[in-house]
Amino acid sequence: MVGDVNIYMNGLDDPQMAEIEIMIAELKSRGKGLAQESVLMMMEFAVENFGIHAFHAKIGESNKASLNLFHKLGFQKISYSEIFKEVTLELPITESTREKLHQLIGNVVTHSWS
């Protein structure tokens, strides 16, 4: 296992909002597109199967790779926690974002472990 990707759908105020996180723990597996591929697949799955209409991602301010990834996917900063030194990003799912997600999924390199 090189890492994990998680989606939390536990918002009592908004059950169609999900928090997504990714971790590529193995150093040799970083920088190969696995994070983007995993996040995109999980997001598309959540949108199609659970009707998720917005994603949040909480990322430490020093984690430049994750910040860059989520910005590249269209997430925008909505808040900052001084206590945790953490940025919260959001991506509302509109028809336009759905199309972009679908397009990005078609462009990712699918990895196999043969």
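**Strands, a crossover and a pocket**

The chain passes from β2 through α1 to β3 in a β-α-β crossover that is right-handed, a term meaning that, with the strands pointing away from the viewer, the path from the first strand over the helix to the second runs clockwise. The model is a predicted one, in which local features need pLDDT of at least 70 and side-chain atom pairs count only at pLDDT 80 or more, while totals for chains, interfaces and linings use all residues. Residues are numbered from 1 along each chain as its sequence is written, and side-chain values use heavy atoms, with hydrogens and water left out.

Strand β1 (residues 3-8) is joined to β2 by six bridges, and the two run antiparallel; strands are said to pair if DSSP finds at least two bridges between them. Helices (H or I, at least four residues) and strands (E, at least two) are DSSP runs, numbered from the N terminus. On β2 there is also E19, whose bridge partner in β3 is H56, and β2 pairs with strand β3 (residues 54-60) in the parallel sense over three bridges.

The bridge partner of S81 in β5 is E86, while a polar atom of the S81 side chain lies 3.2 Å from the backbone nitrogen of F84. From S81 to A35 there are 46 residues in sequence and 24 Å in space, C-alpha to C-alpha.

A35 also belongs to the lining of the largest pocket, where I24, A35, A65, S66 and L69 lie nearest the centre among 17 lining residues. A pocket here is an open set of points on a 1 Å grid over the protein atoms alone, where a 1.4 Å probe fits, with protein on both sides within 12 Å along at least five of seven lines, and lining residues have an atom within 4 Å of a point. The space in this pocket is about 380 Å³. At least two lining residues come from each of β2 (17-24), α1 (34-50) and α2 (64-72), and α2 gives the most, with five.

How values were computed
Points joined across faces, edges and corners; volume = space filled by probe spheres on them. Polar contact = N/O pair within 3.5 Å; in protein donor to acceptor, adjacent residues only side chain to side chain.
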